[in-house]
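Please open the structure in a viewer and keep the selection tool at hand. The stops of this tour are given in the order in which they may be selected.

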Amino acid sequence: MPATPQPPNPNLRTDQNRQQNPQQPNRLGFGWGWLIAFGVLLVVNIIITNVLSSNNGSTITIPYTEFKQQVTTGNVESITVTGDQIQGTTRVEITAPGGGTRSKQFQTVVPSFANPTTAGQNGAGDNLEALLEQYKVQVTAQEPSSNTLLTILLSFGPTILLIGGFVLLSRYAARASGGAGILGFGKSTARVISEGDRPSTTFADVAGIDDAKEELTEVVDFLREPQKYTRLGGTVPKGVLLVGAPGTGKTLLARAVAGEAKVPFLSISASEFVEAIVGIGAARVRDLFKQARSLAPSIVFIDELDAVGRSRASQVRIGGHDEQEQTLNQILTEMDGFDSREGVIVIAATNRADVLDEALLRPGRFDRRVYVSAPDRAGRAAILRVHVRGVKLDTDVDLDAIAQQTTGLVGADLRNLVNEAALLAASRNHESVSQADFGDALEKVQLGTERHIAQSADDRERIAYHEAGHALLGLLIPGSDPVRRVSIVPRGKSLGATIQAPVDDRSNYPEDYLRARITSALGGRAAEQIVYGVVTTGAESDLQQVTSIAYQMVTRFGMSDKVGPINFGDTDGQNPLSAQRTYSDATAQLVDSEVRRIIDECIENGKRLLTEHRGQLDDLVAALLVEDTLDQARILEVTGLAVQPTRPGVTV
Ligand code: ADP
Ligand code: ZN
Ligand code: MG
C-alpha cells in the first residue's frame with residue numbers, strides 16, 4: 001500500500017528483453033523459413049518436370065520394332081515426329097514392354113539408320129515412310145530445333161527455377177525484416193516511400209517541453225531556408241540527438257520538425273536491427289540516407305539509437321563484428337559522408353545518452369543534444385489541453401487541477417489518461433467527460449485496474465484504518481504533499497491507496513518535507529498499531545520507502561548532525577542497502593543508528609498525532625467503508641481539517 005506512487009523509472013528501457021539475446025530466436029526463425037521454401041521449390045520442381053516432360057504416366061515407351069509391328073497391324077492412328085523421336089496414339093491400348101501399364105499414348109526412338117526424315121533420300125532406311133502411308137497413319141513432323149530447346153528447358157529449367165527461387169527468397173528474407181513486402185526486393189527498404197512521409201504534425205501538437213521545442217526551431221528554419229544559413233559559409237548541425245525518458249515526446253518532436261519545415265521524414269528504429277540478419281541494418285541505413293539525399297531537404301530520424309549505438313567499450317563481445325556494430329558504423333559513415341549543406345538533418349532519439357558510443361557524439365555527428373525532460377505542472381496542463389482537443393468536456397473539468405495531481409506523468413501517460421477518462425465516461429453513458437471521470441481514470445492509470453476480490457469485513461476495516469492513517473498524517477503534518485485521494489478499492493498489487501501529490505514540482509527537498517514523507521508513510525502501520533495493537537504484512541512497501549528516504553537523508557543529504565555533511569557516494573536512491581559502501585564499519589554503525597533514530601522519531605510523532613486525532617481517524621474510516629474512495633474535498637469535509645498551508649521555501 002504505497003503512500004505515494006513513484007513516477008515511472010526513466011531508466012527502464014522498453015526493448016530490454018528483446019536486446020538480451022539478439023541472435024538466437026532469429027536464427028531459428030530464419031532456418032525454418034529456408035526449410036519451408038526449399039520444400040515448396042522441390043515440390044514445384046517435381047510437378048513441372050512431370051507436366052513438361054512427355055514421361056507422364058499415360059505415355060509408354062516401346063521399342064522401335066514393336067512400333068513397326070503396331071503400324072503393320074494397323075493399330076497406329078497418328079504420330080508426331082520430332083527429330084528421331086516419335087510420339088503417337090494407337091487405336092486400341094497397347095501394353096508397355098515390361099508389362100503392366102496399358103495406354104494409347106506411346107513413344108519410341110527411331111534408330112539413325114531408319115531416320116524417317118532421310119529415309120527416302122539415302123535409301124538406307126527401312127522405308128518407314130511407305131509403311132506409314134500404306135497403313136494410313138497420320139504423320140505430323142516437328143522442327144527438331146524446338147526439340148533441342150525443349151530438351152534444354154526440360155533438363156535445366158527446374159534447376160534454373162530452383163536457383164532463381166533461392167535468389168528471390170534470400171532477397172525476400174533480407175527485406176522482410178526491413179518491413180518491405182515480398183515485392184519490395186531490390187529496391188530501397190526504408191520505411192518510406194518514394195515521396196517520404198510528410199507529417200502533418202506541427203509544434204502546436206507538442207506541449208510542455210518548450211525548451212526542447214525552442215532549440216529545434218533553428219533546425220526548422222534551416223530546413224526551410226538552407227541558403228540563408230549557409231550563405232556566409234557557416235555549417236548547420238548535421239545531427240541532433242534527442243535525449244529523454246520514454247513517452248516524453250521525442251518521436252513526436254522529430255515529426256513536428258518535419259511537419260513545420262514541410263520536408264519529407266524518413267525514419268527507422270534502430271532496435272529493428274538488433275534481431276535482424278547480419279548486413280540488413282547497414283544496407284537499410286545506406287538506402288535510407290540515399291533516399292534522404294534525393295529528397296533533400298529532408299529529415300532522417302533514427303529512433304532508439306542506443307539499441308545500436310551502445311558504447312562498444314562497455315560491451316562484452318564474442319565475435320568482432322556483429323549486426324549492431326555494422327549498423328552503427330554505417331550510420332557513422334553516412335553522417336561523415338555528406339555535407340550539412342545538402343539539407344539532410346539527422347535526428348536521433350534515445351533515452352540513455354550516457355550509454356552511447358563516444359564516436360556518435362564526436363563533432364560533425366550528433367554534436368547537438370536536446371534534452372526532453374518530463375513536463376512540469378504547467379507543461380502537463382498544456383499537454384492535457386492538446387489531447388482534449390477532440391474530447392467533449394464537462395464544464396466542471398479543471399485541467400490545471402488534474403495537472404497538479406499528475407506529478408511524474410509524461411506526455412504519453414497524459415494522452416493515455418485523457419483516453420481512459422473518455423472511455424470511462426462513455427461506458428457510464430455520460431454526455432461528456434467529467435472531472436470525476438478524470439479522477440477515476442487517473443486512479444486506474446496510476447494504480448492499475450480494479451480487482452474484484454472477496455474481502456472479509458474485518459479485512460476491509462483494517463485496510464481502511466491503514467489508509468486513513470496515511471491520509472490523516474498527510475493532512476496533519478505541515479509541509480507534506482496534499483492528500484488527493486484515499487481509496488480502499490483493491491487495484492493491481494495494492495489493497496488500498498493514498499495518493500499524495502505536491503502542489504508544485506519540487507527539485508529540492510527540505511528536511512521537514514522528507515520527515516513528513518516518512519511519517520505519513522508510516523501512518524498506516526501506526527494506525528493499525530493504535531487500533532489493533534498489531535501490524536500486518538501490508539506495511540512492507542511502506543517500510544521500504546521509509547528506509548530508502550531515511551538512508552538517503554543520512555548518507556547523501558547530510559541531514560544527520562552526527563554523521564555530518566558528507567555524501568557517501570551515489571546510491572542512486574534505488575536500493576541504498578545494497579549499494580557499495582564507501583565508508584568504514586564504524587561509520588556504517590553510526591549511519592544505521594542515525595537512520596533508526598530518524599525513523600523512530602517519525603513513528604513516535606505519527607502515533608502521537610493519530611492518538612490525538614482518533615476521532616477524525618474513525619470518521620475517515622467510517623466514510624471509507626461506505627464510499628470506498630474519497631477525493632480531496634470529501635476528505636477535508638469528513639475530517640473538518642483544512643489543507644496545510646505550504647510553507648514558504650518548501651517548494652522550488
Ligand atoms: P517518445 O518518443 O519520447 O517515447 P512519443 O513521442 O512516442 O514519446 O510520445 C507518444 C505519444 O504521447 C505522442 O504521440 C503524443 O500523443 C503523446 N505525447 C508525448 N509527449 C507529448 C508532448 N510533449 N505534447 C503532447 N503530446 C505528447
Ligand atoms: Zn500503506
Ligand atoms: Mg519514441
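**Before starting**

The model is predicted, and local features need pLDDT of at least 70, while side-chain atom pairs count only at pLDDT 80 or more, and totals for chains, interfaces and linings use all residues. Residues are numbered from 1 along each chain as its sequence is written, chains are lettered from A and ligands numbered from 1 in the order in which they are written, and side-chain values use heavy atoms, with hydrogens and water left out.

**Stop 1**

Select residues 59–61, strand β1, together with residues 102–109, strand β4. Helices (H or I, at least four residues) and strands (E, at least two) are DSSP runs, numbered from the N terminus. Two strands count as paired if DSSP finds at least two bridges between them. Strands β1 and β4 pair in the parallel sense over 3 bridges, and Ile60 stands opposite Phe106 of β4.

The hairpin of β3 and β4 has 6 residues between the strands, and in it Gly99 takes a positive phi near 80°.

**Stop 2: Asn75**

Select Asn75, in the loop between α3 (64–72) and β2 (76–82). Is Asn75 buried or exposed? Asn75 is buried, its relative accessible area being 8%. The cut-offs are under 20% relative accessible area for buried and over 50% for exposed, with partly exposed in between (1.4 Å probe, protein chains only).

Apart from neighbours within four places in sequence, Asn75 is in contact with Gln70, Thr89, Thr90, Arg91, Val92 and Ile94; contact means heavy atoms within 4.5 Å. A polar atom of the Asn75 side chain lies 2.9 Å from the backbone nitrogen of Val92.

**Stop 3**

Select Lys136, in the loop between α5 (128–134) and β5 (138–142). Phi of Lys136 is positive, near 50°, in a residue other than glycine. Lys136 is exposed, with a relative accessible area of 66%.

Move to Lys262, in the loop between α9 (250–261) and β7 (265–269). Lys262 is not a glycine, yet has a positive phi of about 55°. Lys262 is exposed, with a relative accessible area of 65%.

Then select Ala296 and Pro297, which a cis peptide bond joins, with omega about 0°. Pro297 is found in the loop between α10 (280–294) and β8 (298–303).

**Stop 4: the sheet of five strands**

Colour the open sheet of 5 strands, whose order is β7-β8-β9-β6-β10 and whose pairing is parallel. Its edge strands are β7 and β10 (368–372), each pairing on one side only. The twist averages 20° from one strand to the next. Axes are lines fitted to C-alpha atoms, for helices over the stretch in contact, and angles run from 0 to 180 degrees between N-to-C directions.

Now show helix α10, which packs on the sheet and touches β7, β8 and β9 (344–350); the direction of α10 makes about 170° with that of β7. Strand β6 (residues 239–244) pairs with β10 in the parallel sense over 5 bridges, and Val243 stands opposite Tyr371 in β10.

**Stop 5: ligand 1**

Which residues come nearest? Of the 17 residues around ligand 1, they are Ala207, Gly247, Lys250, Thr251 and His387. A residue is near a molecule if one of its heavy atoms lies within 4 Å of it. Helices α9, α14 (377–387) and α16 (411–427) each supply at least two residues of the shell.

A backbone N or O atom of Gly247 lies 2.7 Å from an oxygen atom of ligand 1. A polar backbone atom of Leu252 is 2.9 Å from an oxygen atom of the ligand.

**Stop 6: the sheet of three strands**

Finally, select the open sheet of 3 strands, with order β12-β11-β13 and antiparallel pairing. β12 (497–500) and β13 (629–631) stand at the edges with a single partner strand each, so one side of each is left without a neighbour in the sheet. Strand β11 (residues 483–487) pairs with β12 over 4 bridges, and Ser487 stands opposite Ala497. Helix α23 (residues 632–639) lies across β11 and β13, at about 95° to β13.

Terms used
A polar contact is a pair of N or O atoms within 3.5 Å; within protein, one must be able to donate a hydrogen and the other to accept it, and residues adjacent in sequence count only if both atoms are side-chain atoms.
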